[in-house]
Number of protein chains: 2
Amino acid sequence: MAVNIHDVAHRAEVSITTVSHVLSGRGRVSAATQEKVRRAVEELGYQANIHAQRLASQRSRTLAFQIASFTESPNSSSLIPNSNYFLEVLNAAASASTEMEYVLLILSAQAQPSILDRYGIAGVLIIDPRGDEPIFQTETNPNWLIVTNGRVAGNESHIGTVDNDHRRTTRETLEHLSDQGYQNPALLTTDLGRSYTNDVAHEYRDWCQENGREPLVIELEEPPMQETAANAVRMLLDRDHPPDAVITSAEDLALGALHEAQAHGLVVPRDLGIVSVVDSSVLLLTTPTISAVFLDPEQIGKTAISLLISAIDGESTFPQSVITPSSLRIRESTNRKGLTA
Amino acid sequence: MAVNIHDVAHRAEVSITTVSHVLSGRGRVSAATQEKVRRAVEELGYQANIHAQRLASQRSRTLAFQIASFTESPNSSSLIPNSNYFLEVLNAAASASTEMEYVLLILSAQAQPSILDRYGIAGVLIIDPRGDEPIFQTETNPNWLIVTNGRVAGNESHIGTVDNDHRRTTRETLEHLSDQGYQNPALLTTDLGRSYTNDVAHEYRDWCQENGREPLVIELEEPPMQETAANAVRMLLDRDHPPDAVITSAEDLALGALHEAQAHGLVVPRDLGIVSVVDSSVLLLTTPTISAVFLDPEQIGKTAISLLISAIDGESTFPQSVITPSSLRIRESTNRKGLTA
DNA sequence: ATGAAAGCGCTAACAT
DNA sequence: ATGTTAGCGCTTTCAT
């Protein structure tokens, strides 16, 4: 059907080994022969069969991408939740993979390790793991390497972490709120089992202690939804001493908080400050716009894939931990003093 | 390294042919032998090597997914634009593929046909094509089948279309606007070369003619952005007889239109009605919420993949055209008379 | 009902 | 510098 390596070899009047050598850059082939081979490849429009290459070379050049999402129920089968952050990490990871001639397989959150064996997958990128994902549960030394976005407890094949300095940006956020005159920020978060929510919560508690504030952490069920956030905010506002600011661990929680605050007749940012620890394009659509921490998902996806590939190729040493720059973006929802930033 | 078919055959005391037969369901194997084989598979945790299967069977079980996006410039390398619609089509297509034991490769908008040969790709799903995408440009009968979301001019390998009845919903939208007392709706659209924008524009013009209105179609450059929409709306409002409603072909255009209208001190829906022909979760976040046509991207992705796979398997006849149900969702931005829907 | 054997298209170790 | 050859792990035709 399609033209194969024999056709090329025949046309170039060389052996298939030579063709293979020319195309892979291995072995030594004279310039003249190389030219002959290249011309034959060109004329025939030859494309190496990738399945044969993978079988023969025993290298799959396939990576897997998993968003270690929310519920355990297999019915929530959406591979990529509707969040700007996830989409941008995926876009960057897919582009980086393609550039390196790797294929990126998108795994469901419930995917079992066996699928990795089946595809001969060499590396896995897991976003926001808790550490109890099926992929981690292999007793024997598995055949794949793992890089995570977010920290996770020790595992032999876990060879890299790409993360942000959430403690630093959380502190920056708290100081910003303080500057704006907010006295009692509360923290609205999902599952503290993820390292980023955990980091935020820790820093928040530390800051409260240092500043003589009573910490107020509401841990919500996953997935983060506007409605659950709204319920939580309703509760918070009913307290004797309601918070005057809310920090949320996800965009949808911030949206829900804003909605509920406004339903209560509160003016944001005057009566309540709102800031999300994860930025998203939707936070610019609300009135007021919502302050958030920009985590640079593009950088994260790109970095994670290159960590993975260099580990697969046996370059550099592991485990590695990369911290990606992040920064607070102050918008209207916490800009009580009318800064013009 | 990993356990292979010989290991299983040895353990079950049968030939590898028998193992293959049992696993694929072909040939006839006695119940007793089947049981032996299955037990061996179970005990060894055998997973067939997928690359070997593909090479031997000459079937790649690989599909490609492409969003035939916006610009021709290869620098806009984002594979999946930040739009709810695309994300949901992709999620559904990926899930459906996985269910059928197919792999779905995400192609960039600039991907060349050669990549399809390389992977032995059997089918391609293209979202919102204009018809001039590289994948269509093969003189000789190519080795893959194409299903599109949106119509496209004849091509031998184009064996299916999944679409909505955009003309019907556009008419429904125009009648709704009319019911709400809007007299002069304008159409804000991107590239009319796509079938859905084309359908909308046609129906809009027909309706204008039937109702003695002057059609006002603004065709914007792609990609659809809030800013370009805002500029267009600014122009529209400066006219002698500005429109009192705007229909947009994309969520971001609606967002931009709303923003600009409000910046001009207009009250939506009172002074200007806004409705998007493509629904998105972000249209619920604005104040007011924005009316839109729900296209059911999940259904579209799912249907497209099953069309593709049944074509690959040689079932049913082609070409096929499937129309997926869609409906107008009336929200605040066009609810001038204070309906309580 | 089961098995032997010939590929699938390539890589890579080993000649020459 | 170039070629021979033995696989990679499976499917599938053809015997038996």
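A: Start at a base. In this predicted model, a polar side-chain atom of A:Thr17 sits 3.2 Å from a base nitrogen of DNA strand C. Chain B reaches the phosphates. B:Thr18 places a polar side-chain atom 2.8 Å from a phosphate oxygen of DNA strand C. B:Ser30 uses its backbone: an N or O atom there lies 2.6 Å from a phosphate oxygen of DNA strand C.

Now take the whole surface near this strand. There are 25 residues around DNA strand C. A:Ile5, A:Tyr46, A:Arg59, B:Arg28 and B:Thr33 come nearest. By class, the surface has 10 nonpolar, 12 polar and 3 charged residues.

Which parts of DNA strand C lie within 4 Å of the protein? Of those atoms, 67% belong to sugar or phosphate, and the rest belong to bases.

Helices from both chains take part. Helix 2 (16–24) and helix 4 (50–57) of chain A each supply at least two residues of this surface, and so do helix 2 (16–24) and helix 4 (50–57) of chain B. Helix 4 of chain A gives the largest share, 4 residues.

Next, the sheet in chain B. It is an open sheet of 6 strands, paired in parallel, in the order 2-1-3-4-5-11. Strand 2 (103–107) and strand 11 (320–324) of chain B are at the edges; each has a single partner strand, so one side of each is left without a neighbour in the sheet. From one strand to the next, the twist averages 20°.

Look at strand 3 of chain B. Strand 1 (residues 62–67) of chain B runs parallel to strand 3 of chain B, and 5 bridges join them. B:Ala64 has B:Val124 as its bridge partner in strand 3. Strand 3 of chain B also pairs with strand 4 (residues 145–149) of chain B, again in the parallel sense, over 5 bridges. Here B:Leu125 has B:Val147 as its bridge partner.

Is strand 3 of chain B buried or exposed? Of its 5 residues (residues 123–127), 5 are buried, so strand 3 is largely enclosed by the rest of the structure. In a regular strand, side chains alternate between the two faces of the sheet. B:Gly123, B:Leu125 and B:Ile127 point one way from strand 3 of chain B. B:Val124 and B:Ile126 point the other way, and all of these residues are buried.

One more pairing follows. Strand 4 of chain B and strand 5 (residues 158–164) of chain B pair in the parallel sense over 4 bridges. B:Asn149 stands opposite B:Val162 in strand 5 of chain B.

Technical notes: Residues are numbered from 1 along each chain as its sequence is written. Chains are lettered from A and ligands numbered from 1 in the order in which they are written. This is a predicted model: local features need pLDDT of at least 70, side-chain atom pairs count only at pLDDT 80 or more; totals for chains, interfaces and linings use all residues. Side-chain values use heavy atoms; hydrogens and water are left out. Buried means under 20% relative accessible area, exposed over 50%, partly exposed in between (1.4 Å probe, protein chains only). Two strands pair if DSSP finds at least two bridges between them. A residue is near a molecule or strand if one of its heavy atoms lies within 4 Å of it. A polar contact is a pair of N or O atoms within 3.5 Å; within protein, one must be able to donate a hydrogen and the other to accept it, and residues adjacent in sequence count only if both atoms are side-chain atoms. Ala, Val, Leu, Ile, Met, Phe, Trp, Tyr, Cys and Pro count as nonpolar, Asp, Glu, Lys and Arg as charged, and the others, Gly among them, as polar. Axes are lines fitted to C-alpha atoms, for helices over the stretch in contact, and angles run from 0 to 180 degrees between N-to-C directions.
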